[in-house]
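Please keep the sequence and the structure in view while reading.

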Amino acid sequence: MNENPGALIPELLLVFAAVVGLLAGSFLPRNRQGAVRSIAVLACLTGVIAAAADLARPVQSVFDDTYVVDVGLGAVRIVVLASIVLTIGLAGDQVSGSTREAEFYVLLLLGGLGTVAMAGANDLLLLVASYLLASIPLYALTGIARTGPGNEAALKYYLMGALSGVTLLIGSTLLFGVSGSTQYTDLAAALPDAPRVAVAVGLVAVLAGLLFKIGAVPLHFWVPDVVQGATTGVAAFVATVPKIGGLWAMYRLLSTTVPTSDVDWPLLVAVLAAVTMTLGNLAAFFQDDVRRLLAYSTISQVGYLLMAVAAAGRATLAMPALGLYLAAYAVTNLGAFAVVAALPRARTLADYRGLASRHRLLALSLVVCLLGLIGTPPTAVFVGKLTVFTAAVDAGLAWLAVIAVLNTMASVFYYLRWIAPAFRARNAVPADDLPPAGRSAARSAHIAAIVSLLLGVLAGPVLAVLTV
């Protein structure tokens, strides 16, 4: 077994921080549990540095080839770890001093660890285990505030997650039964000669579990309820970070395991992408609650991201396009949630009327993030969408690119429904000044907006790194 713990420094840092944070939270008084936040942030920032250093190293498979450390995993590591830091920033003041502050940070770290492990999994058993690790902490996070909507959202999230997890396990069992192995490389060699029906059923079952994790149609029903019912920090994390690992796990599975299978999986994923982006946009059109609007927005964004998965193995730009879009989506979506967290009493679009006259920087950050989600230059999502659309065309999916362009144009309507009130005269924002619990979130929104713009400007070098 080719054990090399040195290749897993970012993952080990997450484990170390989670264990130390849990122990520290058990002994520190409630008014001093902010130390756990410092531990989590330090571990994530150190992990980002370690992951960036690994980008220049050759691809390696560790622990009996069940885990692949490559450029793709490195990108996922950086995005997930940075997203955890940003989530802590936008939720920090809200959870600071609460009775479950330490647990909040520990669950974030464990959920991030599961997300990263999903992206690097090269074995179905490891994929199932990492799926559980990326799910169970998030069930607890959703209901951590012990509110009625939060408890209801946690129950719905758990029930759908349990069903999807069982489906994933059944699919893995079927693929193991027809191939005799759970490793992706062995599956790639055995599945072409296996019974086509069994392969199709097993593959669809595995994809169903991953579709739940990324919040795609038809397993998207939990997304609006969780985003609306959970606290803002949890909603931001759940609606953003797990999708990163789930999409990369799907890309690795399909491009490695069934590239030559008789099952037309590119068409299946392309249809799911088209339906997901269309349903997400249509459902967001007339939402007045900003959280539900963002929830359906995330569903539509998953549809665009699935285009890169559909092009896997058939377009050289598919992998770098997916990596860039994931990074762009993560920082931009978290920035939008940070604005929501900064104004906790502004629940509807009308509550943002006059925001620009009271909090100009916050309104500017909101505009950058929302226009970024549309795909407006020079934001990072614009470059991400452009590269994903190009990859789809190169893969022979021009019809899907046309549908994506039409959906992008349609999404302008509901994002402008949020932006327009912010620049109207009447000030309906509930407070004259940002509440204490919103100042850290406002800083996070500013940082996210700046990073979104910088990532868009520097997209060329980023794509060059991901293409290596």
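I170 has a relative accessibility of 48%, and because values between 20% and 50% fall in the middle class, I170 counts as partly exposed. The model discussed here is predicted. I170 lies in helix α7 and belongs to a nonpolar patch on the surface. A search of the whole structure also finds 8 salt bridges, of which some are described below.

**The nonpolar patch**

- The patch is formed by V166, I170, L174, V197 and V201, which together have about 420 Å² of accessible area.
- Two elements, α7 (148–179) and α9 (196–214), each give two or more residues to this patch.
- Helix α7 provides the largest share, with 3 residues.

- Side chains of opposite charge can pair when their charged atoms come close.
- The side chains of E152 and K156 meet in a salt bridge, with a distance of 3.1 Å from N to O.
- Both E152 and K156 lie in helix α7, where they are 4 residues apart, about one turn of the helix.
- E152 is partly exposed, because its relative accessible area is 46%.
- K156 is likewise partly exposed, because its relative accessible area is 33%.

**A salt bridge between two helices**

- R292 forms a salt bridge with D225, and the closest N and O atoms are 3.6 Å apart.
- R292 lies in helix α13 (residues 290–310) and D225 in helix α10 (residues 222–229), so this pair ties together parts that are 67 residues apart in sequence.
- R292 counts as buried because its relative accessibility is 18%, which is under the 20% limit.
- D225 has a relative accessibility of 25% and therefore counts as partly exposed.

**A salt-bridge network**

- R57 counts as partly exposed, because its relative accessibility is 48%.
- D54 has a relative accessibility of 13% and therefore counts as buried.

Key. Residues are numbered from 1 along each chain as its sequence is written. This is a predicted model: local features need pLDDT of at least 70, side-chain atom pairs count only at pLDDT 80 or more; totals for chains, interfaces and linings use all residues. Side-chain values use heavy atoms; hydrogens and water are left out. Patches are made of residues with over 30% relative accessible area and no salt bridge: like charges are joined within 9 Å, nonpolar side chains (Val, Leu, Ile, Met, Phe, Trp, Tyr) within 5 Å. Accessible areas come from the Shrake-Rupley method with a 1.4 Å probe; for residues, only the protein chains shown count as cover. A salt bridge is a side-chain nitrogen of Lys or Arg within 4 Å of a carboxyl oxygen of Asp or Glu. Buried means under 20% relative accessible area, exposed over 50%, partly exposed in between (1.4 Å probe, protein chains only).
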